[in-house]
Every structure is written in structure tokens, then in C-alpha cells.
Amino acid sequence: MVNQIRTLSPSTNKVIFEHPGTSLDEARAIAQASENAFQSYKQLSLADRKAIMVKALNIVDANKETLANELTAQMGRPIAYCTKEIDTMRKRADYLLSIADDSLKNLPGQAESGFRRFLKKEPLGVTLISTAWNYPYLITVNTLLPALLAGNTVLLRPSPQTPLLGERLVSYFHEAGLPTNVLQLLHVGSLDVLDEIVKLPQIKLVSFTGSTAGGLRLREATARRVVPVNLELGGNDPAYVRPDADIAYVAAQIVDGAVFNSGQSCCSIERVYVHADIYDNFITEVQKELSTLVELLLVYLKITSRRTNKSSYKLGDPTDKATTTGPVISKQALKNIQSHIDDALSKGAIDATPENTTFTSLPAEGNYIAPKLLTNVTHDMVTMREETFGPVIPVMRVSSDEEAVALMNDSDYGLTASVWTKDIKAGEALIEKIDAGTVYINRCDYPSPDLAWIGWKNSGLGCTLGPHAFDGFYKLKSFHIKEEQT
């Protein structure tokens, strides 16, 4: 049961961080300290908690260049994009802060003479947050801020691939005035050890972001305890391109939605269905999009418009500001992605990836894999059934809207789905029929802070963000008071 953390940089496979790992005995002591801190922290006013959060976020902002460089080293995203994650984290945090008062206020009961009734929202206690590596700051803020604002204490377990996230956040929040032991760090490299930690009686809530297999494992580990488990899990997100769509525009958006972050997003586009009337033209436009090399530095307009309007894909060193696509996270991830590609090709798929010199002249070190465009795909292929989590674009021909929707719903996952069309009314009719927590028209790969981020089916349990962002982080207590005794 090896619990040691050894973080390898995806671009070099060299060790960049080591930690012996938090033992179960150490975790037990940390959890008890967290429970002790909870007794006083829950008494702190919401206004005071919010002030601490704002100070901590300001410190994060002041250090975003350092954090961006650490992200590139730890998880391989091109440096051109990493400060934007910190900026977007702040936007999410500001939204959560803006709704905190309304979200956490008492709820009145029905008026009745001689009685006073209301519901109070009370913190749960020690909260274990296990977060992911692919967008570590964005993912963590979804749960860390609501947990702390609601009055809970937190044990933060960062992914072993992005351990510096935990080091930085704990330091910054303490610098901002968060009381001792309210936010503590667990470095856990062994899933067996994590299984035992979530069984600790001090822990009153588990929040996990990661793979579906990892989420199911934690549910099993907590099965003999009555403790809530919130899960943000994987996806195999589909897109459907209707025959009336603007083909060039949609091709650019779908390639971006599939390839950005090397396809390593739970809401990346992983399956594409295109109406037969435009299928060949669409493939041609996707090929154009992938084949053009970068000539100018990338301009970050916003998180959903991550490149200039000029097509430009360059695979390579993530520290180069002209790189658009970096390595994938690990050798094991590389192996898994390649196995999905090989499975598809063995079952009749066609490799339609265009020429791009950066796709064939890969760096000597690191976990690099070129974006791959696959045509002639079917639902017999693993990449259309399971989460590939890589820069693969499998495109399937369909004959009708009805066939497209049926195929989109033919999945164990239900995180996001998108329909691309000029006919918004027709698109709305289609997305009503899709089994997914978030559905888009003419957009993809964007968790909006004011909407619930929620997975259906095997993609999750509970939700973050949106007007119900705080719901998983408090318990209700009913007060029923008879004021007159006769």
C-alpha cells in the first residue's frame, strides 16, 4: 500500500514533487483537529467568513503567474492558457460570494398565530474534498468556497498530479486570516489509504471529483456510514451537427471542444454525430482546422474562445507560448488513449487526421499524442462508449435528428451534450430529449457559474455551482416554537 506522492511532469516525466504521503494515523489526528476547529469556526459570522475568502482570493490573484507556471509543470497545459484558469476561478468565486447570503439564510415556515417556525441551515462539520488535476483551481473552488462559507472545516486532498494546489491554497487562506486547522492538507497517493480515511467518524461529508470508477469506490468505502457523498465524475459527451449548421464555424468550435487541454476535460466533446447531408463537408472543415500551424501568439479572449479566429494547432512544449496542445497527463493515459484509437481502427474506423508537422515531430520526452480525427466510427467502438480523455475526434454519420438523439442517449454517462444548428427552436426541441445534466445549443465545454454543474447517470451525484451551489454543504434544522401557552 504505497502512499508516497511522486509527481512526474507530463512534458518530461521527471520528478517535480515528492511527499511521503499522509498516513492513516496522521489523517486521524488531522481530522480530530479539524473537528475541534469546527466548534469555533461555525460560530464565525458569514460576513467574517466572506471577508477571509476575499482576502485569500486576492492573494491567489497576486500570485497567478507563479501558479500558472506550476500548472504547466504539473499537468502539462500550455502556459498560454494557465493564467486564464486562475481568472476564471475568481469569476466563479465572485458568483458564489454574491449568492452566499441568500443561499445560507433561514427559511420561514407558514405564519400561524402563537407559533414561530423556521428552517435553519447549519454546517455539516469536517468535510473531505478530494479534487482533480485537469482544472485543479476551477474544480476546487466549486466545493471549497461553499464548504468554508457554510461554516464547515475542510480536509483538502489535491490530486497527486497537482499537489502544489493544496500547498498554495492552504498557505494563502491561512495568510488571509482563516483560523488554524479550518483548512488542512492531506497528501494521499494510495486509494487504499483514502478508502480508510473516508471511514473516519470525524468526517461528515465527502466531496470527490474524478473518474467514475474512483467515485464508485468511495461510495463503497462509505457504504457502512450514513454520510453524504457528492460526486463530480466522468463523461463521454456528444455533439450533434444538424444539416443547417454553419459548417466552418461549428468545425472550429468542436475541434476546440475536443482538443483543448489535450481533451482532458470531463466535458470535452468525445463523440460527434453529423447529418449525412453535410458529413463530408464537415470532415473537410475539421481537417482544415487541424492542419494550420500557429503563426501568431495565442490571444485569450475568454475561456470559451481560446484561440484567435485563425485556425492554429501546434503540439509541443507547453512552456512555449505558441503551443496550443501539450502532453497528456501520464504514460498510462497515453496508453489508454492509444488503445481507444487502435480499437476503433481495428473495427473499421478511418484515420482522417490531416498533415500537420507538429503532429509527427513530437518532443523526445514526455507523454505526447497528436490530435486524431476518426471517421466511419460506430457504437461498437470503445471510444464511442467510454471516456477517452484525450484529443480524439470520432465522427459518426447519422440520417436524422431522431437517430442522433437516440445515439447521444445511448451512453452510461450524462454530463453535457451539444446541438449545433441555426434553427434555435428545433435545437431546443432536441435538447429537451437529451439525457444530460447540461445541454447546449451552439456552445460546448463551459460550466456556467450561474447554472448547476450536475452529472446524470454515471457522471455524478449532487451538484455544484448555480443557485443550489451551497445545498450539499449544510444540513437543515427545523425550529417549531409555541410562543403562547394556554
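This briefing describes helix packing and a few individual residues in the structure above. The model is predicted. Helix H3 packs with two other helices, crossing H4 at roughly 125° and meeting helix H6 at about 155°.

**Helix H3 with helix H4**

- Two packed helices are described by the angle between their axes and the distance between the axes.
- Helix H3 covers residues 64-75 and helix H4 covers residues 79-104; their axes come within 8 Å and cross at roughly 125°.
- An angle of this kind makes H3 oblique to H4.
- The crossing of H3 past H4 is right-handed.
- On the H3 side, the contact is made by Lys64, Glu65, Leu67, Ala68, Asn69, Leu71 and Thr72.
- On the H4 side, the residues in contact are Ile79, Cys82, Thr83, Glu85, Ile86 and Asp87.
- Sorted by class, the contact of H3 with H4 holds six nonpolar, three polar and four charged residues.

**Helix H3 with helix H6**

- Helix H6 is formed by residues 163-175, and its axis is 9 Å from that of H3, at an angle of about 155°.
- H3 is therefore roughly antiparallel to H6, as angles over 145 degrees count as such.
- H3 contributes Leu67, Glu70 and Gln74 to this contact, while H6 contributes Pro163, Leu164, Leu165, Arg168 and Tyr172.
- The contact of H3 with H6 consists of five nonpolar residues, one polar residue and two charged residues.
- Leu67 of H3 takes part in the contact with H4 and also in the contact with H6.

- Threonine 209 is part of strand S8, which runs over residues 203-209.
- With a relative accessible area of 12%, threonine 209 is buried, because buried means under 20%.
- Apart from neighbours within four places in sequence, threonine 209 contacts Ser130, Thr131, Ala132, Ile139 and Glu232.
- Alanine 344 belongs to helix H11, residues 331-346.
- The relative accessibility of alanine 344 is 0%, so alanine 344 counts as buried.
- Residues up to four places away in sequence aside, alanine 344 touches Ala349, Leu374, Met381 and Thr383.
- One of these, leucine 374, is 30 residues from alanine 344 in sequence, and the C-alpha atoms of the two are 8.1 Å apart.

**Two residues with positive phi**

- Lysine 457 is not a glycine, yet its phi is positive, near 55°.
- Lysine 457 lies in strand S19, residues 456-457.
- Its relative accessibility is 37%, so lysine 457 counts as partly exposed.
- Leucine 465, also a residue other than glycine, has a positive phi of about 60°.
- Leucine 465 sits in the loop that joins strand S21 (463-464) and strand S22 (474-482).
- Leucine 465 is buried, with a relative accessible area of 0%.

Key:
Residues numbered from 1 in each chain as written. Predicted model: local features only at pLDDT ≥ 70, side-chain atom pairs only at ≥ 80, totals over all residues. Heavy atoms only, no water. Axes fitted to C-alpha atoms, helices over the stretch in contact; angles between N-to-C directions. Helix = DSSP H or I, 4+ residues; strand = E, 2+ residues; numbered from the N terminus. Parallel < 35°, antiparallel > 145°, perpendicular 65-115°, else oblique. Left-handed = near helix turned anticlockwise from the far one by under 90°. Contact = heavy atoms within 4.5 Å. Nonpolar A, V, L, I, M, F, W, Y, C, P; charged D, E, K, R; others polar. Buried < 20%, exposed > 50% of the residue type's maximum accessible area, 1.4 Å probe, protein only.
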